[in-house]
Amino acid sequence: MLQFKDIITPVDCVVTEGTTLKEAVDLIDRKKWNLLPVTDQSRKLMGIFTRSSLLHMVLAELPLSTPIKKYIKEQVETVSVDTPYEKVEEIVKNSKVGTGVVVDDEYRVVGILTKTDMIMSLLQTSQELQTIKNLKRTLETALDHAFDGIVMTDEKKDIQMVSPPLLELFNLPLEQVLYQPSSKVLPQLQLDQVYESETAEVSGFLEMKGIKYIVHRIPILEDGKVIGAIGKVVFRQLNEVSELFKKLQKAENKANFYHQQYQKSESARFTWEHIKSMDPYMEKLKKSAVKAAKGRSTVLIRGESGTGKELFAHAIHNSSARSTGKFVVVNCAAIPEDLLESEFFGYEEGAFTGAKLKGKIGKFDLANGGTLFLDEIGDMSLTLQAKLLRVLQEREFYRVGGTVRIQVDVRIIAATNRNLEEMVKEGLFREDLYYRLNVISLNVPPLRNRLYDTDFLIGKFMVEFNQILGTSITGIEEMARESLLGYDWPGNVRELRNVMERAMTFAESGKIKYEDLPDYLLKQANKSEPAQKVSMVETAELEAIKKALIQVQGNKVQAARLLGISRSGLYEKIKKYKLPT
C-alpha cells in the first residue's frame, strides 16, 4: 500500500535567515520549487521564502548578497509526515496554496508536498489498485478451483484467503476463518513457524477425519522480512505415498500372518472403546456389561443381527479377570450338526472314519482358563444342548470316542438373535439350558431404536474408511444424510457400515452424494413413514424433534430450549411419537 512519505518531495538543502538572495535564486531555479522552507541550524521550521518574496527583493533592486531574513513568511501550511494517506488527499483537495511543508513530530523539515506530487501519486495508486484487484481476482479464482487446500496469511498472521477444499477438510465455515489468526482457527497447520524460520518447509504426515495430509509452509518475503505465508495442504494426491506405506506394511504383515491367524480365534480383539454410541441406553448397557465382566456368571447377549453382540463378548472378556486367558469363538450356525460335537469336545484317535491319528482337542479344551463365546446358540440341536448343559453344570465332559473325564474351567458367553422364550415353548430349546444361560442377560437394541447413533456412526465410519480405502471424503450432502437417517436399517450397524463403505468408494467428489447410496436404500427411505401415520405437520414436527435431540446429543433440556417448548412438552411429544427416552 502506498505510504504518504513515498509521495513527498524530500528537502535535501538547508535554507536559513542568512541565506543570500543569489543562493535563493539558484535553489528555486535548480529545484523548480515554488517555495523554500527556512529552518534554524537544527532544521526546525521557521518560515518559508516564496517566489513572490523573491520578486519583491528583485523589484527593490537589492544586491544579490542581501540575506533573505526580512522577506521570510512565518505563516506556513504544514502537514505531519505521519498523516494517513487518505487524509492528505483531502487536505490537498481543499488547500488554497499549491505547496505545503512536511514536518516530523519535532517540527523539523522532512520535505514539501505539491499538488503535482498528489496527482502523480493518485495515478500511481490507481494503477496499483487495478493491478491488485486483477491479482486478487486471479488468486480467488485459483483458490476456488484448487484441488487441494490453500490458505494465505498477512504480516499479522491473519488469514486473508482460504480455498473451499481446506474448509471442507477441517469442517469450518468461511466466516469463522477469514481475517482470524491462523494459530487460532487452524493451529494444526503451524504456519507461524515460517515467520520465525523465514524458510519454506514441509510437515510430516498429519491426519484429519482419517484423511492423511501434508502441509507445505511457504513464507512471503519482502526486503528480507516476512510479510505473510502460504499454506498448501495436500490430501488428495497421496496415492504414491499410500502405495509406499502399503509396501512397507506388506513385509511386516507377511511376517506376522501366521501368528495373527493363530491368535485371531484365541484372543479378544475388541474393547469398550470399539463400541461407539451416543445413545443413553447403550451407555447404560455398557456400564452393566462392565459390571458383569467382573464376575464368573454366564452372560447371554441378545439382539438382532448386526447390532454388535460379538463386540460386547470381546469387551467383556478383555475387562474380566480372564483377560490373560484365551477367547475362543464357536459359531453354532456355521458348523455342520455332525461336526459340532467334535468341535466342542474334541475326539480321540480312531473315534470315526477320517479322524486324525492323534485325535484332536475341542474348543472347551482350548478355552480352559479363559472364555468360550457361543454365537448363534439358538441354532444348536437339542442333542448337543443336553451335552452342553452337562458341561455347564459339572464343568467336565468326554471327548468323542473317549472314556477319560476332562475337567475344564471355562466362562461361557452366549449370543443369539432368536427369541429363546418362544423356542422353549415350541420345544426347540431346552428350558433348563435356557435358565442356565440366562443368568445375566444383555439386550443390544437395534439401530432404528438408537435415535442418536446413526448420524454419529456416519462420521465414525467416514474416518475409518478414509484410512482403509485411502479416500479423502470430508462430508456428506444433506439429501444423502436425510436418506440415511430416514432408513430403518434392518441389518443394523453392520448394514450401515457396508453402505458407508460402498458410498465412499463410489463418491467422486469430496462429499458423499445422494446418488452414491444403494438403490434399495433410497427406495425404502422414500417409502418410510412414521408408524403412527401422522399428518404432514406432525411429520415435520417429528423430524424437528429428532434433529434437535441429535444436535444436543440427547440432552432434553437443551433440546426443549432449541425447539422453543417446555421440557414437559418435549417429553409429551417424545411419548407421542414413541421415541426412545
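Me: What share of the contacts between residues at least 6 apart in sequence join residues at least 24 apart?
Reply: In the protein chain, 63% of them do. Contact means heavy atoms within 4.5 Å. This is a predicted model, in which local features need pLDDT of at least 70 and side-chain atom pairs count only at pLDDT 80 or more, while totals for chains, interfaces and linings use all residues. Residues are numbered from 1 along each chain as its sequence is written, and side-chain values use heavy atoms, with hydrogens and water left out.

Me: How many helices and strands are there?
Reply: The protein chain has 22 helices and 23 strands. Both are DSSP runs numbered from the N terminus: helices are H or I with at least four residues, strands are E with at least two.

Me: And what percentage of the chain is buried?
Reply: Of the 581 residues, 42% are buried. Buried is under 20% relative accessible area, exposed is over 50%, and partly exposed is in between, using a 1.4 Å probe and protein chains only.

Me: Switching to rings. How many aromatic pairs turn up in the whole structure?
Reply: The search finds 12. Rings of Phe, Tyr and Trp (its six-membered ring) pair if their centres lie within 6.5 Å; planes under 30 degrees apart are stacked, over 60 edge-to-face, and the rest tilted.

Me: Why is F170 with Y213 classed as edge-to-face?
Reply: Their planes are at 85 degrees, so the pair is edge-to-face, with ring centres 5.6 Å apart. The two residues are 43 apart and the pair links distant parts of the chain, F170 being in helix α5 (residues 164–170) and Y213 in strand β11 (residues 211–222).

Me: Are those two buried or exposed?
Reply: F170 and Y213 are both buried.

Me: What about F461 and F465, why tilted?
Reply: The planes of F461 and F465 are at 45 degrees and the ring centres are 6.4 Å apart, so that pair is tilted. Both residues sit in helix α16 (residues 453–469), four residues apart, about one turn of the helix. F461 and F465 are both buried.

Me: Which residues form a ring cluster?
Reply: F344, F345, F364 and F397, linked by ring pairs.

Me: Which lysine lies over the face of Y195?
Reply: K157, at 5.3 Å from the ring centre. The criterion is NZ of Lys or CZ of Arg within 6 Å of the ring centre and within 35 degrees of the ring normal.

Me: On to α9. What span should it have?
Reply: Helix α9 (residues 280–293) has 14 residues, so at 1.5 Å a residue it should span 20 Å; its end C-alpha atoms are 20 Å apart, which agrees. The expected span is 1.5 Å times one less than the number of residues.

Me: Which of its residues are buried?
Reply: In α9 they are M282, L285, K286, A289, A292 and A293. Down the axis of α9 these buried residues fall within an arc of 120 degrees, so they line one face of the helix. The arc is that of the directions from the helix axis to the C-beta atoms. An α-helix has 3.6 residues a turn, so residues three or four places apart point the same way.

Me: What is on the other side, and what does the buried face pack against?
Reply: K284, K287 and K291 are exposed on the other side of α9. The buried residues of α9 pack against β13 (299–302), α10 (309–318), β20 (411–416), β21 (440–443) and α16.

Me: What does D279 do at the start of α9?
Reply: A side-chain oxygen of D279 reaches to within 3.0 Å of the backbone nitrogen of Y281.

Me: Last topic, two serines. What does the side chain of S203 reach?
Reply: The backbone nitrogen of V215, at 2.9 Å. For a polar contact, a pair of N or O atoms must be within 3.5 Å; within protein, one must be able to donate a hydrogen and the other to accept it, and residues adjacent in sequence count only if both atoms are side-chain atoms. S203 lies in the loop between β9 (201–202) and β10 (206–208).

Me: And where is S483?
Reply: S483 is in helix α17 (residues 478–485). A polar atom of the S483 side chain lies 3.1 Å from the backbone oxygen of M479.
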